[in-house]
Amino acid sequence: MNDVTVPLLGIAGAMIVGAMSPGPSFVMVARTAVSSSRGDGLAAALGMGAGGVVFAIAALVGLQAAFLAVPALYLAVKLLGGAYLVYLGIRIWRGAREPLSAAQDERAAAGTGSNAQRAFLLGMGTQVSNPKTAVVYASIFAAFLPREVPLALALAVPAVIFCIETGWYAVVALALSSAAPRSAYLRYKAWIDRAAGGVMVLLGLKLLSGVRSSS
């Protein structure tokens, strides 16, 4: 049971932090919810979840095969991923006071005749086309997955990823489609972004310390 529960909880915790970190996915869902409708915002959240599943399956299959073929790659991914997460956390922290440009180009993002299908595809496309997301997934999976992944864990991880990604962005869509919660987020954005940046730095340092202990 621990072979599944412990790494799954670790991945879930790290992915929650990653999903909540500000970035293009957040801006896209916020823009859709503000400029179009609450329903379209929720459809975009489902697209984010679907894109997360794509990354999860690719990471599970690709990383597992690569690590078994080239054991040194396991440490290399941890090193590069840890360094990137530290860099990303510092950038999030430094940009904490920058205003969120959710309203810019909102009509271009929504387009004419925008609907739930368009919003879903836009959400999934934004998630899948973001190379930073792939690096974060690879880093987190390298940190918490065992070298040999049990079948139960391999099946559970994509489901958990879908729930986390869809759940968080659904909250974003519901919150930012209303005026008062959106104003509250913008008021405390600096504190929220600094907290997310600090956690990402700590996660990156954890990966780097794992490289030192394994070498």
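A: Helices here are DSSP runs of H or I, at least four residues, numbered from the N terminus. This is a predicted model, where local features need pLDDT of at least 70 and side-chain atom pairs count only at pLDDT 80 or more, while totals for chains, interfaces and linings use all residues. Residues are numbered from 1 along each chain as its sequence is written, and side-chain values use heavy atoms, leaving out hydrogens and water.

Q: Which residues of α8 are buried?

A: Among them are L153, V157, P158, I161, E165 and Y169.

Q: What does V157 touch?

A: Contact means heavy atoms within 4.5 Å. Not counting residues up to four places away in sequence, V157 touches L8, I11, L60 and F141.

Q: How do I read a nonpolar core?

A: In soluble globular proteins, nonpolar side chains tend to be buried together. A core is a set of buried Ala, Val, Leu, Ile, Met, Phe, Trp, Tyr and Cys residues joined through side-chain atoms within 4.5 Å. The largest one here has 27 residues, and I11, I140, F141 and V157 have the most contacts inside it. Its largest share, 6 residues, comes from α1. Apart from it lies another core of 15 residues, including F26 and A173.

Q: Is W191 buried or exposed?

A: W191, in helix α10 (residues 189–214), is exposed, because its relative accessible area is 63%.

Methods. Helices (H or I, at least four residues) and strands (E, at least two) are DSSP runs, numbered from the N terminus. Buried means under 20% relative accessible area, exposed over 50%, partly exposed in between (1.4 Å probe, protein chains only).
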